[in-house]
Amino acid sequence: MSWNWNLVSYRKIWFTLSTLIVLPCIAAIVIFGFNWGIDFTGGTILDLHFNQPVSVAQVRDVLAKDDLQGATIQLTGSTDNETGQDIMIRTHNLTAEEANAVVVHANDAFGQVDVRRIESVGAVIGSEVTEHAILNLLVAFAALVAYISYRFEYRIGLSCIAAITHDILVVLGAFAFFQLEVDASFLAAILTVIGYSMNESVVIFDRVRENLRTHRKTDSFETLANDSIRQSITRSFYTLFTVLFAVGSLYFFGGETTKNFALVMLIGFISGAYSSLCIATSLWAVWRNYDGKRHNSVRTRPRTTA
């Protein structure tokens, strides 16, 4: 038995659900702020030499004792594929006592460790670069609206942007509430989520555009939107399950340094599929119905005679 994909008829539920999700996300961003990573805030570099070859995984296990398992660990000098004697650790700002504790734990685990340098470094991504990134993102949004409005119509363009904004706020709110670290890879993941969400919306609205040419005059825009969803939902699900399989594998089986990167995409892809199917199409149908009723009321309004 096939299910009737009448998603737009539940638009009040979708709008209410999204409101209940997005408003707490905005509150979390305002109240808690973000846990900026060392790419934005700067940090401490520890350059260590071990008397025996060690792997990145072994060093990360030792750093976990000081709650630094998310640090960036790099093999330097001569290496033997996955092991080496020279290790560079980049983490958030450490006090002298905290840095010494790392060295002590490394000594306990691997024997004598020579400290070549411990120094503070500045942010890789400064405030000027961040401002430019935000400005470029706004310009990209404007370009997307212009392109989709030209290819489809302005209502579709703004509905897509509303869905993308929904997805971004959900991701940002989750990271703010749980105080997960925001680093350079976070920006790359956000851009990936934007691309995915836009792609899903364009696929559905491409069907809407085709159906606008052939639908019956008696069909409502709600019926047209539901038909378009039904025609494209199989492709949307296949795409979603494929990317979730890949990103889920990266999150659960990848290293510590890729977890936040994968988590952004996990949250964003699920939200993107939901917003494209339920939010963007519902907004468009409501908007078209409103414009249609307003146009009809103007046409049927009786003329006054002098």
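Phe32 is partly exposed, because its relative accessible area is 43%, where partly exposed means between buried, under 20%, and exposed, over 50%, with a 1.4 Å probe and protein chains only. The structure is a predicted model, in which local features need pLDDT of at least 70 and side-chain atom pairs count only at pLDDT 80 or more, while totals for chains, interfaces and linings use all residues. Residues are numbered from 1 along each chain as its sequence is written, and side-chain values use heavy atoms, with hydrogens and water left out.

**Aromatic rings**

- A search of the whole structure finds 14 aromatic pairs, a pair being two rings of Phe, Tyr or Trp (its six-membered ring) with centres within 6.5 Å, called stacked if the planes are under 30 degrees apart, edge-to-face if over 60 and tilted for the rest.
- The rings of Phe32 and Phe177 are edge-to-face, because their planes stand at 80°, with the centres 5.9 Å apart.
- This pair links distant parts of the chain, since Phe32 belongs to helix 1 (residues 11–32) and Phe177 to helix 6, 145 residues apart; helices (H or I, at least four residues) and strands (E, at least two) are DSSP runs numbered from the N terminus.
- Tyr251 and Phe252 also form an edge-to-face pair, at 5.0 Å centre to centre and with 85° between the planes; Tyr251 is partly exposed at 22% relative accessible area, whereas Phe252 counts as exposed at 59%.
- Lys259 lies over the face of Tyr251, at 4.6 Å from the ring centre, where the rule asks for NZ of Lys or CZ of Arg within 6 Å of the ring centre and within 35 degrees of the ring normal.

**Nonpolar cores**

- The largest nonpolar core has 49 residues, and those with the most contacts inside it are Val264 and Trp284; such a core is a set of buried Ala, Val, Leu, Ile, Met, Phe, Trp, Tyr and Cys residues joined through side-chain atoms within 4.5 Å.
- At least two residues of this core come from each of helix 5 (127–151), helix 6 (154–177), helix 7 (184–214), helix 8 (221–253) and helix 9 (259–300), and the largest share, 14 residues, is supplied by helix 9.
- Apart from this core lies another, of 19 residues, including Leu48, Ala99, Val103 and Phe110.
- Val208 lies in helix 7 and counts as buried, because its relative accessibility is 0%.
- Leaving aside neighbours within four places in sequence, Val208 is in contact with Leu224, Ser228 and Trp284, contact meaning heavy atoms within 4.5 Å.

**The sheet and its helices**

- An open sheet of four strands has the order 3-4-2-5 with antiparallel pairing, and two strands pair if DSSP finds at least two bridges between them.
- The edge strands, each pairing on one side only, are strand 3 (72–80) and strand 5 (113–121).
- Strand 3 and strand 4 (residues 83–91) run antiparallel and are joined by seven bridges, and Ile73 stands opposite Ile89 in strand 4.
- Helix 4 (residues 96–110) lies across strand 2 and strand 5, running at about 10° to strand 2; axes are lines fitted to C-alpha atoms, for helices over the stretch in contact, and angles run from 0 to 180 degrees between N-to-C directions.

**A loop residue**

- Asp67, in the loop between helix 3 and strand 3, has a phi near 60°, a positive value in a residue other than glycine.
- Asp67 counts as exposed, because its relative accessibility is 59%.
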